[in-house]
Amino acid sequence: MLELLTDVQVITVLVTALVVGLVVVFHYEVIQQLNRWCPTHPSRVAKHRHRPIILATMFALLFAHIIEIWLFGVAFWALLSQTGYGAISGYDHISLLDSVYFSAATYTTVGWGDLAANGHIRFLAGTEALVGFMMITWSASFSYLIMARAWGNESD
């Protein structure tokens with residue numbers, strides 16, 4: 001029999017969709033700005049001047065991932081501060097930093113195993129793992145392109 005979603009489940013899905021939308025759009029905008037900032041061809045990069053381009057790109061992407069982890073962490077914290085959404089194993093009350101730590105482990109798909117989501121909050125956790133994996137691989141692909149542009153053929 002088809003069951004209707006409860007209010008808690010609907011709110012969990014809506015919060016998840018909102019955070020996913022924010023993360024994907026934010027990540028796109030960061031990559032778009034980096035792409036505009038970086039030279040488009042190796043010949044436009046002065047010889048041996050690629051270091052600032054590559055380092056700035058890596059730090060900008062790292063900072064973007066940290067913001068994205070915090071967005072998910074705040075969503076966990078907000079939902080878990082209400083009753084009926086579930087819990088993180090071992091915690092009666094979870095702090096914001098505990099939520100961000102759980103988010104980081106989930107986003108990076110490390111899953112240390114010391115914390116686990118229970119209840120409806122598992123939907124947000126499962127979705128974060130997929131989104132985190134996608135954002136990390138997107139960053140890796142973009143970083144490769146930036147390095148190829150910056151380094152070009154250094155044997156010249």
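**Close-up views of helix packing and a surface patch**

**View 1. Helix α2 against helix α4.** In this predicted model, α2 and α4 pack with their axes 10 Å apart and at an angle of about 170 degrees, where axes are lines fitted to C-alpha atoms, for helices over the stretch in contact, and angles run from 0 to 180 degrees between N-to-C directions. That angle makes α2 roughly antiparallel to α4, a label for angles over 145 degrees, whereas angles under 35 count as roughly parallel, 65 to 115 as roughly perpendicular and the rest as oblique. By class, the contact of α2 with α4 holds 18 nonpolar, four polar and two charged residues.

**View 2. Helix α1 beside helix α4.** Helix α1 (residues 7–37) and helix α4 (residues 122–151) have axes 10 Å apart and an angle of about 5 degrees, which makes α1 roughly parallel to α4. Residues of α1 including V20, V24 and Y28 meet a set in α4 that includes V131, W138 and F142, with contact meaning heavy atoms within 4.5 Å. This contact has 13 nonpolar, six polar and one charged residues.

**View 3. Helix α3 crossing helix α4.** The axes of helix α3 (residues 96–107) and α4 lie 7 Å apart at an angle of about 60 degrees, and the two helices are therefore oblique to each other. F102, S103, T106 and Y107 in α3 meet residues of α4, among them A125, E128 and F133.

**View 4. A nonpolar surface patch.** L55, F59, L62, I66, W70, V74, W77 and L97 make a nonpolar surface patch of about 780 Å². Helix α2 (residues 51–80) gives the most to this patch, with seven residues, and F59 has its place in that helix.

**Notes.** Residues are numbered from 1 along each chain as its sequence is written, and side-chain values use heavy atoms, with hydrogens and water left out. Because the model is predicted, local features need pLDDT of at least 70 and side-chain atom pairs count only at pLDDT 80 or more, while totals for chains, interfaces and linings use all residues.

Notes
Helices (H or I, at least four residues) and strands (E, at least two) are DSSP runs, numbered from the N terminus. Ala, Val, Leu, Ile, Met, Phe, Trp, Tyr, Cys and Pro count as nonpolar, Asp, Glu, Lys and Arg as charged, and the others, Gly among them, as polar. Patches are made of residues with over 30% relative accessible area and no salt bridge: like charges are joined within 9 Å, nonpolar side chains (Val, Leu, Ile, Met, Phe, Trp, Tyr) within 5 Å. Accessible areas come from the Shrake-Rupley method with a 1.4 Å probe; for residues, only the protein chains shown count as cover. A salt bridge is a side-chain nitrogen of Lys or Arg within 4 Å of a carboxyl oxygen of Asp or Glu.
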